[in-house]
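Subject: Structure handover

Hello,

Here is the structure for you to look over. My notes come after it.

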Amino acid sequence: MGQQDIIDIIISDIRRLGVDFRAVDELDALAVISPSLDRGLYDKNRSTPFILAHEMFHKMNNHGKRKYDNDIRNTQEHDANVAATAYLWSLYIQMGGTTEYVQHFIDVSGTPDYLIERLLKLAN
């Protein structure tokens with residue numbers, strides 16, 4: 001299982017939501033989806049599975065404009081992070097990953113390590 005395999009699954013899931021999701025060579029935000037317009041872009045050279053899954057959950061949860069610019073205070077960002085981590089872990093396990101290889105999960109998914117502790121508590 002590699003990062004591109006996971007990315008392909010996520011892109012397919014995003015498109016199943018009705019989003020016209022397109023790759024571009026360069027994008028400052030790495031990935032963005034407009035929930036109201038059902039359109040999105042992602043940087044095909046730098047986006048990670050975590051970034052794509054995070055954006056997918058903004059769409060799924062109909063997140064609109066941010067309440068705060070500071071992501072630490074933004075509940076929508078927190079919720080998308082948690083959902084993306086759980087989704088990616090589920091994919092990882094389905095593809096043969098185990099809790100013994102958490103570093104591999106971090107490497108292939110791009111999930112920030114600070115989100116892993118909570119995940120492992122749920123997995124055990």
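This is a predicted model: local features need pLDDT of at least 70, side-chain atom pairs count only at pLDDT 80 or more; totals for chains, interfaces and linings use all residues.

Layout. The protein has five helices and three strands. Read from the N terminus, the order of elements is α-β-β-β-α-α-α-α. Of its 124 residues, 40% count as buried. The exposed surface comes to about 7400 Å², and carbon and sulfur atoms supply 49% of that area. If you take the contacts between residues at least 6 apart in sequence, 46% of them join residues at least 24 apart.

Strands. β1, residues 20–24, pairs with β3, residues 39–43, in the parallel sense, and five bridges hold this pairing. Within the protein's strand pairings, Phe21 stands opposite Gly40 of β3. β2 and β3 run antiparallel and are joined by four bridges. Ala31 faces Tyr42 there, with Tyr42 belonging to β3. β2 and β3 also form a hairpin with four residues between the strands, and in this hairpin Asp38 takes a positive phi near 55 degrees.

Core. The largest nonpolar core holds 29 residues. Which of them touch the most other members? They are Ile10, Phe21, Leu52, Tyr87 and Leu88. The elements that give two or more residues to this core are α1 (3–16), β2 (31–34), α2 (49–60), α3 (75–94) and α4 (102–109). Of these, α3 gives the most, with eight residues.

With its neighbours within four places in sequence left aside, Ile10 is in contact with Pro49, Leu52, Ala53, Met56, Tyr87, Leu88 and Leu91. Three names on that contact list, Leu52, Tyr87 and Leu88, are also among the residues that touch the most other core members.

Aromatic rings. The count of aromatic pairs comes to five. In one of them, Trp89 and Tyr92, the ring centres are 5.5 Å apart and the planes meet at 35 degrees, so the pair is tilted. Both residues lie in helix α3, three residues apart, which is about one turn of the helix.

Taken together, ring pairs link Trp89, Tyr92 and Phe105 into a cluster.

If you want a place to start in the viewer, Ile10 with its contacts and the cluster of Trp89, Tyr92 and Phe105 cover much of what is described above.

Regards

Terms used
Residues are numbered from 1 along each chain as its sequence is written. Side-chain values use heavy atoms; hydrogens and water are left out. A nonpolar core is a set of buried Ala, Val, Leu, Ile, Met, Phe, Trp, Tyr and Cys residues joined through side-chain atoms within 4.5 Å. Buried means under 20% relative accessible area, exposed over 50%, partly exposed in between (1.4 Å probe, protein chains only). Contact means heavy atoms within 4.5 Å. Rings of Phe, Tyr and Trp (its six-membered ring) pair if their centres lie within 6.5 Å; planes under 30 degrees apart count as stacked, over 60 as edge-to-face and the rest as tilted. Two strands pair if DSSP finds at least two bridges between them. Accessible areas come from the Shrake-Rupley method with a 1.4 Å probe; for residues, only the protein chains shown count as cover.
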